[in-house]
Amino acid sequence: MNIIVFIKQVADTEARIFIKNDQKSLEIENKFNMNFFDEFAMEAAIKTKEKFKDSQVTVCTYGPKRAIEALRTAIAMGADRAFLIDNTGFETEDSLIVAKILSAFAKKEGFGLILCGRQAIDDENANVGAMVAEMLGIPHASAVINFEVVNEKTVKIDNEIEGGKESAEVQLPALFTTQKGLNTPRVPLITGVMKAMKAVIPTVDPTTLGLAKEDIDLNASGIETVSLESPKQRPPVKIIDGESPEEKVRNLIRVLKEEAKAL
Amino acid sequence: MTKDIFVFVEYKDGSARKVSLELLTKGKEIVEKNGATLYAGVIGFQAKDIAEVVKGFADKVIVVDNENLKDYRYDTYVSVIEQLVKKYQPSMVFGGSTVTGKDLFPRLAARLNVPIVSDAVGIGFDGGRLKIKKPLYGGKVISWISFKDGISPMVTFRPNSFTVEKFSTNGEVIEEAIDAAKDQKYAVLSMDKGGTKKVDLQEADFIICGGRGMKGPEHFQVLEDIATTMGGRVGASRAVVDSKWREYDDQVGKSGKTVSPKLYIGCGVSGALHHTMGMDTSKVIVAVNKDPNAPIFGYADYGIVDDLFNILPVLKEELAKTKQEI
C-alpha cells in the first residue's frame with residue numbers, strides 16, 4: 001500500500017515572532033518543528049507499515065527550503081521517502097491552493113491511504129486535509145482518535161464528532177486527519193537519525209504537477225492579507241488583596257461586577 | 001453579484017447553537033448596510049422547529065429536511081449546501097469553527113473551488129471593503145484578510161466572536177427538497193454524542209479551568225459545582241489531561257481547544273504558553289495561584305495569590321450568592 005503523509009513545518013510555539021514594517025509579513029525566529037498533529041499521522045503511517053510490510057510511507061510537504069528539516073524528522077521516524085514541493089516564489093496562505101498542489105502530488109505518486117494532522121498549529125486552519133480528499137474524490141474523516149487498517153481495502157476508525165465520538169468503517173483509498181490521543185509518536189532512534197541525515201530529499205517544482213501556473217502562482221489566491229498587527233496588550237494584572245481568603249474573594253467578586261462587568 | 005450572506009445553522013437538543021445565532025446577528029448587521037438578504041440554512045431531519053426559532057434571526061430560512069440528513073455527515077451536508085449555494089448565490093457563506101464546521105467547510109470550499117478563511121474572530125471594514133480578523137500563531141499575531149472582487153468565500157468563526165440579538169421581524173421559511181445520497185464507502189458503525197456535558201467548551205460564557213495545582217482529579221468537584229452554578233464549563237490544562245485527571249475534551253490550549261469566554265478563571269494553572277494561546281482571547285481573565293511569579297499573572301486581568309484550596313470553597317459560595325441576587 002502506498003501511504004502518503006502530508007506534513008507542515010511550523011514555528012515552534014516558543015519562537016519569537018515579529019511583524020515587519022510593511023505590516024504584511026512576519027519575521028520568525030529560526031525555531032521550526034514538524035507540526036504537532038502531524039506526528040500522530042506519521043506514527044499511524046509507520047504502525048500501518050509494520051502491519052502491512054509491503055507498504056511504503058511517503059512524506060511530503062509544500063513549503064520553503066527550510067522545511068526539509070521536518071522531512072528529515074519524518075525519515076528519522078521511519079518514512080521511506082520524502083519530497084519537498086518547493087514553494088519559493090509561490091508562497092501562499094491560501095489553503096485552496098496548497099490543497100490543489102498536494103492533491104496533484106498524490107495523484108502523480110499514487111496512493112492507497114493519506115494521513116495528515118488535523119490542523120497546523122501556526123494558522124490553525126484545519127482545511128487542507130478535507131480539501132485534498134475532496135479534490136481526489138475520496139472519503140475523509142477528521143480528528144481520528146483510533147485508527148486501524150483492517151485489510152488493504154478497509155480502515156476502522158473512531159473520530160471526534162460534535163460533543164462526542166463516532167466509529168466508522170471507511171473503504172480505501174481515503175484520507176484521515178489525526179488528533180491528539182491517537183497514539184504516542186515515537187522518538188526517532190539514532191539509526192533513524194543517521195539515515196535521515198544522509199537521505200537525499202528530492203525537491204519538486206510545483207509547476208511540474210500538471211496544474212496551470214495561474215492556478216497556483218502569487219496572483220492565484222482570492223484572498224489577500226490587508227495587514228498584520230500585534231494583539232492588544234492586556235493592562236498589568238491587578239492583584240486582589242485581602243486579610244483572609246474570604247475577603248480576597250469578596251473583593252474579587254466586587255471588581256468583577258463593578259469594574260469588569262463580568263458577572 | 002449579490003451581497004447576500006448565507007449562514008449554516010448548527011443545532012443541538014432542539015435549539016440553534018449560540019455560535020450560529022451569533023453569525024446570524026453579525027450577518028444581519030452586514031446585509032442591512034446594503035439592502036441584501038441574510039439566509040439561514042437549516043439542514044437535518046425534523047428540523048422545522050429549529051427553522052421556526054431561526055426565522056427570528058434571518059430574512060430567509062432555507063430548510064432541507066429529510067431522513068438521510070438526520071445526523072451530520074460531510075458527504076450529504078456538503079452536497080446539500082453546494083446545491084443551495086449554487087441556487088441562492090450568496091456572496092459569502094458563514095459557519096462556526098466547530099468540530100462540525102472544521103469537517104464540513106473545507107470540503108465544501110474545495111467542492112465549490114472557493115477560498116476559505118477559518119477560525120476567524122471578527123469582521124471589520126476598510127472603507128467599504130469587508131475584512132476578516134483572524135489570529136495566527138496562537139494569538140501572537142492578528143491578521144486582517146480581505147477577498148478579491150468576484151470571490152464568494154467560506155468563512156468560519158470561533159464561538160463567542162459576536163453577540164446574539166434577535167431582530168424584530170420574522171423571516172420567511174422556504175423548504176427545499178434536496179436529496180442527498182450517502183457515500184457507501186463511509187459506513188458509520190456507532191455514534192456517541194456525549195450528552196452529559198451541558199455546555200460546549202468553546203461556546204461557554206464562563207470557564208473555570210484547573211491546572212496541576214489542583215493536585216488530583218478528586219479536587220475538581222468544586223470546579224464542577226462552580227461551573228454548574230455559573231452555567232459554564234470546567235476546563236483543564238494540558239498537564240491535567242496528560243495525567244488523565246480530566247478528559248481531552250476539557251483541554252484548553254494549543255493542542256486542545258481555543259476558548260474565548262466572557263469570564264475565565266484559572267485555578268492552579270501556571271500559564272505555560274501552550275495554555276495561554278488557547279485562552280488569551282477571553283474577555284476577562286482571573287488567575288488564582290499561590291505562586292506570585294506564575295506566568296499566568298502576565299495574562300490575567302485579576303489575580304489572587306493564595307492557596308486555591310482556601311479560595312475555591314469561598315468562591316463557590318460567593319458566586320452562588322451572586323447568582324441568587326440576579
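Domain bounds come from an automatic or database domain assignment. For chain B, that assignment gives domain 1 (5–175) and domain 2 (206–325). This is a predicted model, where local features need pLDDT of at least 70 and side-chain atom pairs count only at pLDDT 80 or more, while totals for chains, interfaces and linings use all residues. Residues are numbered from 1 along each chain as its sequence is written, and chains are lettered from A and ligands numbered from 1 in the order in which they are written.

The centres of domain 1 of chain B and domain 2 of chain B, taken over C-alpha atoms, are separated by 31 Å. Their contact (C-beta atoms, placed from the backbone, within 7 Å) takes six residues from domain 1 of chain B and seven residues from domain 2 of chain B.

Between the chains, 72 residues of chain B are in contact with 65 residues of chain A. Helix H4 (residues 99–112) of chain B gives the most to the side of chain B that touches chain A, with nine residues. Helices (H or I, at least four residues) and strands (E, at least two) are DSSP runs, numbered from the N terminus.

The table sorts the contact residues by class: Ala, Val, Leu, Ile, Met, Phe, Trp, Tyr, Cys and Pro count as nonpolar, Asp, Glu, Lys and Arg as charged, and the others, Gly among them, as polar.

| Side of domain 1 of chain B that touches domain 2 of chain B | two residues | three residues | one residue |

Strands pair if DSSP finds at least two bridges between them, and four strands form an open, antiparallel sheet in the order S14(A)-S10(B)-S9(B)-S8(B). S14 of chain A and strand S8 (122–126) of chain B each have a single partner strand, so one side of each is left without a neighbour in the sheet. Six bridges join strand S14 (residues 223–229) of chain A to strand S10 (residues 141–147) of chain B, and A:Leu228 stands opposite B:Ser143. Five bridges link S8(B) to strand S9 (residues 129–136) of chain B.

Finally, the axes (lines fitted to C-alpha atoms, for helices over the stretch in contact, with angles from 0 to 180 degrees between N-to-C directions) of helix H5 (residues 221–230) of chain B and helix H8 (residues 308–325) of chain B come within 10 Å and cross at roughly 10 degrees. That makes H5(B) roughly parallel to H8(B), a term for angles under 35 degrees. Residues making the contact include B:Ile226 of H5(B) and B:Leu319 of H8(B).

Methods: Contact = placed C-beta atoms within 7 Å. Parallel < 35°, antiparallel > 145°, perpendicular 65-115°, else oblique.
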